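Hello,

Here is the structure I promised to pass on to you. Have a look at it first, and then read on for what turned up.

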Amino acid sequence: MKRIKKLINHIISRVNVNLRPMGLDVEQVVKSTIDYGKLTEAYAYYALSIDHPIYFRFRESNLGGSYFLGKCDVDRSIVLRSDIRGDELKTAGTEVDFGGVTTELYRDEVIMVVNSFLFKTLVHNHSRNPEIPELFRIQNTVSMHYANIHGATIEGAYLGAFATADLSQLHNCILGNYCYVQAGDLSKVCIDPGRIWIKADNKYEFDYRYPQATLEKYISWDQDGELVGLFADFLKGRRSDFLPVYDSLSDTFPVWVPENAFVSRYAVVKGDCVIGGNCLVAQRAYIENSVLGTGSNAQENSFIVDSRFAGLVVVAHGGKLVHSNIGEKVFIGFNSFLHGTKDNQVSVGAGSIVMPHTIIHASEPIDIPDETIVWGYVTKQSDLETQSMSLAAFAKGKAFNIGDMSFYGDGAAFIRDFQNRVEHILVENGARYDGNSESRGHAQRTQYVSYNLFQPYLSGEKQGMFPTIIVDDD
């Protein structure tokens, strides 16, 4: 295992060089996360599809338990139990717009992971890198448990557990646990844990911060570097259900799946479930005793338990719902946590927006009206007075402070951007598929994917390293 330990030290040194201005040393957090004895236990797999250009290059890395789709290049990195999902990579000739300036890609876009440590991380491309739009790059970066990297080029950064980097270009920065950023270049910036920050230059800025005591109930670290809190407790009781899924080659499910829907063979579906037409259930999604209405989706690391969805519900990466009733065309943001009980259900009305990293933990029945935006920490109905607004009222706003949230700018543009994004997700996922090839999305295009497994060296100096592999259809 000499080579793997050398690789880990190499990654730590590269990340620390970039984070030196912020005074963070990632050595302890990286080494306390790695269980050397398990680095040879899990295979990795890449997905081949006629709808996605084929190019995979893996070199000098450990990729245990990870999934790759679309053009990917991994070099000198540790990518453990992560999902690298490139189904929206752009092809050569695509025109992209950056601030009103249009440029054309001269080659297919590729996800490139270099000198990085990604642990249980979701990477989903929708690149906004104006410097090199052909590269979706993650370099000299450490990303911890259940973080999301979505639409961001990330260089020299640290992402804490359950953090989300969304539609941003991040350089030499730190994202604390459970923070969400959509704010552009964050060079030499430290984002506090539990901060939800959305900024669009010359348009608007949304800022919410969880009280530290509240956040620590849900996510923190113990003295041994173990992730603890209510989020960890919720996951521990269910992660073992994935073990037989990954050990089996079967692609059958305990429920009927319509021909125009897709349920990944690496998802868990158990109990009394209904999967509607045009639904998408991604790998590492968990569905139990729930109904997904037509055109709904459950993205990676989402957990849906004892819940009912009307049609066109979008559950972003890491969303968790228990005893929740969700109306039509509702957006459940990244790593949100909607936890009701049998007697204290959470209901969200049609057309509503549950902001990323929202916690709704019901101590009584909670009913969110139609066309509402909700954020922050909600445990009872009265909490909505300071942590929600109707979409119409928000759209009229220019500057307001409500509880721990502040906003200034164009409220109408803020709501419109979210609604446009929801529509984009629905179209890309195939939620509006009508039988014509032009309306096909991920739910239809991913049905004929083949999965190819590869394993690390099991002994010797290279133990834990995966062999170099290049897959190219040229």
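**Helix H1**

This is a predicted model. The buried residues of H1 are Ile4, Leu7, Ile8, Ile11, Ile12, Val15, Asn16, Asn18 and Leu19. These residues cover an arc of only 165° around the axis, so they sit on the same side of H1. What do they pack against? Their partners are helix H2 (27-33) and the strands S5 (78-80), S10 (117-119), S13 (142-143), S15 (153-159) and S17 (169-175). On the face turned away from the buried side, H1 carries the exposed residues Lys2, Lys6 and Val17.

**Val113**

Next, a residue in strand S9 (residues 110-114): Val113. Its relative accessibility is 1%, and because buried means under 20%, Val113 counts as buried. Leaving aside neighbours within four places in sequence, Val113 is in contact with Asp73, Val74, Asp75, Ser77, Val79, Leu118 and Ile138. Val113 and Arg137 are 24 residues apart in sequence, yet their C-alpha atoms are 6.1 Å apart in space.

**The cavity**

Finally, the structure holds 1 cavity of 30 Å³ or more. The largest cavity contains about 80 Å³ of space. Its lining is made up of 6 nonpolar, 3 polar and 3 charged residues. Among the residues that line the largest cavity are Tyr67, Arg85, Asp87, Phe262, Glu300 and His442.

Key. Residues are numbered from 1 along each chain as its sequence is written. This is a predicted model: local features need pLDDT of at least 70, side-chain atom pairs count only at pLDDT 80 or more; totals for chains, interfaces and linings use all residues. Side-chain values use heavy atoms; hydrogens and water are left out. Buried means under 20% relative accessible area, exposed over 50%, partly exposed in between (1.4 Å probe, protein chains only). Helices (H or I, at least four residues) and strands (E, at least two) are DSSP runs, numbered from the N terminus. The arc is that of the directions from the helix axis to the C-beta atoms. Contact means heavy atoms within 4.5 Å. On a 1 Å grid over the protein atoms alone, a cavity is a set of points where a 1.4 Å probe fits but cannot get out, and a pocket is an open set with protein on both sides within 12 Å along at least five of seven lines; lining residues have an atom within 4 Å of a point. Grid points are joined across faces, edges and corners, and a volume is the space filled by probe spheres set on the points. Ala, Val, Leu, Ile, Met, Phe, Trp, Tyr, Cys and Pro count as nonpolar, Asp, Glu, Lys and Arg as charged, and the others, Gly among them, as polar.
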